[in-house]
Amino acid sequence: MEFECPLCNSLISVSESCPKCGGEMEDLGRVEDYFDPYNPYLDKDYVSMGESSHECIHLFSCPVCGYDTRIVVNQIPH
Ligand SMILES: [Zn+2]
Ligand SMILES: [Zn+2]
């Protein structure tokens with residue numbers, strides 16, 4: 001069975017409020033698309049764990065204050 005991320009495929013939208021300023025955070029896409037997998041910025045264990053359990057990790061950023069965070073999205077079978 002194949003799994004896909006509903007957020008990558010625009011099946012859902014996620015609105016997150018910035019914990020710092022309350023602004024609406026923007027989905028910048030998958031973390032894997034932004035960073036080299038060997039980039040020390042990434043916690044490799046966390047990323048590989050997400051892949052094995054059919055999760056997609058998205059990077060969300062606040063356009064107001066620049067705060068960013070990762071949101072774990074559960075992938076769905078299709
Ligand atoms: Zn995704
Ligand atoms: Zn903010």
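**Strands, pairing and exposure**

Tutor: In this predicted model, strand 3 (residues 24-30) and strand 4 (residues 55-61) run antiparallel and are joined by 4 bridges.

Student: What makes strand 3 and strand 4 a pair?
Tutor: Pairing requires at least two bridges found by DSSP. Strand 3 and strand 4 have 4 bridges, so they pair. Within this arrangement, Asp 27 stands opposite Phe 60 in strand 4.

Student: How do you know that strand 4 and strand 5 pair?
Tutor: The cut-off is at least two bridges, and strand 4 and strand 5 (residues 68-74) have 7 bridges in the antiparallel sense, so they count as paired. Ile 57, for example, has Val 72 in strand 5 as its bridge partner.

Student: What lies between strand 4 and strand 5 in their hairpin?
Tutor: The hairpin has 6 residues between the strands, and Gly 66 takes a positive phi near 90 degrees in this hairpin.

Student: Which residue has a positive phi although it is not a glycine?
Tutor: Ser 10, with a phi of about 60 degrees. Ser 10 lies in the loop between strand 1 (3-4) and strand 2 (16-17).

Student: Why is Ser 10 called exposed?
Tutor: Ser 10 has 7 other C-beta atoms within 10 Å. A residue with 12 or fewer is exposed, so Ser 10 is exposed.

Student: How much of the protein chain is buried?
Tutor: Buried residues make up 8% of its 78 residues. To be counted there, a residue needs 20 or more other C-beta atoms within 10 Å.

How values were computed: Residues numbered from 1 in each chain as written. Chains lettered and ligands numbered in written order. Predicted model: local features only at pLDDT ≥ 70, side-chain atom pairs only at ≥ 80, totals over all residues. Helix = DSSP H or I, 4+ residues; strand = E, 2+ residues; numbered from the N terminus.
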